[in-house]
Amino acid sequence: MIRTVNLSKVFKTEMVETTALFNINLEVKKGEFVAIMGPSGCGKSTLLNILGLLDNANSGEYYFDGIEVTGFSERESANLRKGNIGFIFQSFNLIDELNVYENVELPLIALNVPLSNRRNMVGEILEFMSMGHRKNHFPRQLSGGQQQRVAIARALITRPKLILADEPTGNLDSSNGEQVMQMLEQMNSEGTTIVMVTHSADHAERAHRVVHLFDGQMVMERIDKVFEPAL
Amino acid sequence: MITQYFKILIRRIAREKIFYSIILANLAIGYAVFILLSQFINGELSWDKQNSNYDRIYRLQLFMDQPENIVKHTWSVAPALSRHDLTGLPEIEKIALLHDVGDNNKNGVFLSPDKNNQFMTRYGYYSDQSVFDILTFNFVAGEMGKALLQPNSIVLSRTLAKRLFPSCDALGKQVYGENKVTFTVTGVYEDIPERSTWRPAFIIPMSMFKTLTNWTNYETDYWGYSFYTYVLLKPNTTSKSVDDKIYSALKEYRKEHHPYLRPLSKLHTNPFFETKINIAITLFSFISILILLLSSINFINLQTANASTRFREISIKKAVGFERKRLWFQFIAEALTLSFIAAAIGLLIAQLSYPLLNKFLGADLLTGVTGNWRLLTLIILVTFITGYLSGIHPAYVISNFNPVAALKQKYVDEKSNGFSLKKLLMTIQFSISVFMLVLSFIVYRQTNYMLTMDLGFDSENIAFANIVTNKKGTIETLRERLLQHSEIADVCVSDYIPFILPGGDDLNLIGSDPNQRVFVRFSNVSYDFVPTFNLKIINGRNFSIDFPADGNKCLVNETAARLIGENDIIGKHIKLYNKDVEIIGVIKDYIVFSAYSPIEPHMYRLVPNAITSDAIYSVRFARGKEKAAMKIIRDEFGQFFPEDAFEFQNIRNLVENEGAVVAFKAFRKICGFIALLTIIISSIGLFGLVLFFTRRKMKEVGIRKMLGFSFGELYYTLSSGFVRLMIFSVIIAWPLAFYVYTALPGANKYSIQIWEFLSATMIIVFVALATITYQIIRAVKVRPVDILKDE
């Protein structure tokens, strides 16, 4: 699904160069659940952003579903993200001016899905997330857990091939965090590839594989569960 | 998708009421000013448009080769040009010759409906019947096609008809004029609209001209420049071919004079072909665009500054796959929507305020937009363009957000040093504000100067009246009786007085080159004209009763003395209509007609206190005694001219109602209004900008406070950037304002002073600093722990 070859990322300012990632070689198979861990500032989120085509690497190669996407333009990246990659963030990142229904609908609008289809699809996913009764509410009217469920619904609505989750339970209490992890596991069991950045060792254990980063480099890889890719 | 954009916008407006109120108020004021100034310009450009033959109507004018600074054009022309040179030309469909009844520069003539009540009426004209084929008159009574065919006909404007016959129809009634002339009303027409070059109150047939004026050979006269001619060209012809044919029509009489046709469409805004632009229209167009530009720049700055609140929305949209083009479209659509909302508010403000503004300005300069589809179309177009262009930069900035940083809710700062579009826009904003205020001050001072300048004669304490009489003799006894009263200082008689423009002719000194002629206006005055008007003799002497031969002498003004070209002109002779006239004195220049126009050469002949059939009697009274003096004057003149109707008024009325004075008074008010609006718009823009600027700097403020920085040091940190831009803006604004001052037209300009620039700049700086200070005080009061905790 995903393969990086010697991926590196350097942040440059006028005075300082910071190497965020160095020679990252990562492969994630289709349907795999990979957790990325490491101390703050080790490059986890940077790696996730590159995998999500929100940022470009300075060197190395990145293959998404067999296509080399290194150096894709913004337009090409946007086109690839549409329908293929879903994002879940620590701070939910819902749009305040849109209600639950409208937030979830956004990826479908990006794909130019007709209105009547959108209605059905959004309705289904909200019911699945037990948020159907809140579809007209705005983010500020929801709890943290509810907001994250809406964010997950938005990430899933296009049935993407890949979900990138950046500390999805970071702003939640343990109960809500557990719910989110269960949802991620369920998605994964249905075939969605998931790459999740986390600080929680407990949550990392739920993945097939944990990758450790330190100072921008992969230092360790631990297989927690056996992953058998679908044929 | 578009519905989603509007939903987001409406919900944002509901959430951020203050911000959007600022944005909409800023733009709405800009639009309101633009619309009002467009109304003024539209009004100026819509003169005479009620004429159905508008594009084919021309007025005959003359161009005169003269030394510098002399009015070179006139539309008072010789009648023979119409009757002889224009008649028969294939390009011309109709010609109408016109002449004042009496002198419309003076009090007018007296008309009476019943031989008892006399109504002084100006703007009566002799005219050919063909005038109704050229210009559009809407007759409400009588037959237009025959209205002036019979002698002793008279057609009245509706207002005059109502004035003379308030309780019955005027059609068919008798109207009694001066000198026992009786007219029959053959038509009543709707009042000619105010925005018309020619607005007669009544018209009588040109066929009566010979009888009533004794000018029997006028139709072949090439010397009498007191007629007006309107011409209707045939379709698909141009005036150029007519101009070419009549260019040398006066070569046998005055070869420096060249007739030409001027189109009706230009008579108000640009009556003479040398002036390519109309200053008022150009200046106000420029100002209206500047004000709109100022509002637009505010809009751009505010939207861009507010961009940080759109991070999350844009980043999510990018993350889910929205292309930049789509985001761009969203923000352009938002900008256009805000622009149209603001334009609607601005239009409402303009429509509600223009009647009040007309009252405030003392003139109906603003027209409103109701029914004016051209103006409405212009407003819609400008709204669209303004919205679109104003939206480009914010759309560019916002759609180019780096979603990575934005999703982490880290503000993506622009470069703090070096060039940035925002700094450029702010500099332009300050520059426009300073420029507008300096310009307003300059124009205010200039108009003030013109309204208060020393005119060179006593313009406060003189009463005058134009009296048409059959009485013969002199005014000596009347003068003696008047001077017995302590309230009366002096009395004179003349055919013209200051601010009533006399005619003139080309003259030169005997013995000089006959081709060196100068156009000189002349008046006939009595002995006491100079002392009555408090004029000064600066060379030679005034007319005197001790010199009986003064009847063949003349006085000239300084300008005439200079242009005729003699160092010592006293004793020299002028040729005037085959008479040899000696110059005995030079009068110090005074404003003869308008402070706006250059002083022209003037000559004065003596009329030794004689009563003439049509003259102006002027009485100077003691300062502070006007009321008592007016009673004395009316009583004494009433006894002396018992058969004749007249009305005395203070010469101040002439001065204050002179065309340029009225225009400049209105202009002065407009400039004050624009200055105030400039300050308001600048304040609004600054308020919003500083609000966002200080918000962005909150982290820095928190850290500096935590480290113990004082309020003064924090103030300097937050304000120094703005102050630098203000200094830079002065470098742009001052030279521009000075250039406009030099380009302002008019003969009399006040001396510009540095304090106008300084005070205008200080006002803008003060307003800016007050706005900044208010925001900084609020920002600095926040506790560091609250700011840093959020970080």
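Predicted model: local features only at pLDDT ≥ 70, side-chain atom pairs only at ≥ 80, totals over all residues.
Which residues in α3(A) meet which residues in α5(A)? Residues are numbered from 1 along each chain as its sequence is written, while chains are lettered from A and ligands numbered from 1 in the order in which they are written.

Now the answer. From α3(A) we have A:V100, A:N103, A:V104, A:L106 and A:P107, and they meet A:V150, A:A153 and A:R154 of α5(A). Contact here means C-beta atoms, placed from the backbone, within 7 Å. Helices are DSSP runs of H or I with at least four residues, strands are E runs of at least two, and both are numbered from the N terminus. Sorted by class, this contact has six nonpolar, one polar and one charged residues. Nonpolar covers Ala, Val, Leu, Ile, Met, Phe, Trp, Tyr, Cys and Pro, charged covers Asp, Glu, Lys and Arg, and the others, Gly among them, are polar.

As for geometry, the axes of α3 (residues 100-110) and α5 (residues 144-156) of chain A come within 7 Å and cross at roughly 30°. Axes are lines fitted to C-alpha atoms, for helices over the stretch in contact, with angles from 0 to 180 degrees between N-to-C directions. The two helices α3(A) and α5(A) are therefore roughly parallel; the cut-offs are under 35 degrees for roughly parallel, over 145 for roughly antiparallel, 65 to 115 for roughly perpendicular, and oblique for the rest.

Let's compare that with a pair in chain B. There, α1(B) and α10 (residues 324-361) pack at about 60°, with axes 10 Å apart. That angle makes α1(B) oblique to α10(B). On the α1(B) side, B:I2, B:Y5, B:F6 and B:L9 meet B:Q330, B:A333, B:E334 and B:T337 of α10(B). Five nonpolar, two polar and one charged residues make up that contact.

On to the interface. How many residues of chain B are in contact with chain A? There are 19, and they touch 19 residues of chain A. On the chain B side, α1 (2-15), α9 (311-319) and α12 (403-407) each supply at least two residues, and α9(B) gives the most, with six. That side divides into nine nonpolar, two polar and eight charged residues.

Most residues other than glycine have a negative phi. A:N6, in strand β1 (residues 2-12) of chain A, has a positive phi of about 50°. A:F92, in the loop between β7 (85-89) and α3 of chain A, has a positive phi near 65°. Are these two buried or exposed? A:N6 is exposed, with 12 other C-beta atoms within 10 Å, whereas A:F92 counts as buried, with 24. Buried means 20 or more such neighbours within 10 Å, exposed means 12 or fewer, and partly exposed is in between, with C-beta atoms placed from the backbone.

Definitions and conventions: Contact = placed C-beta atoms within 7 Å.
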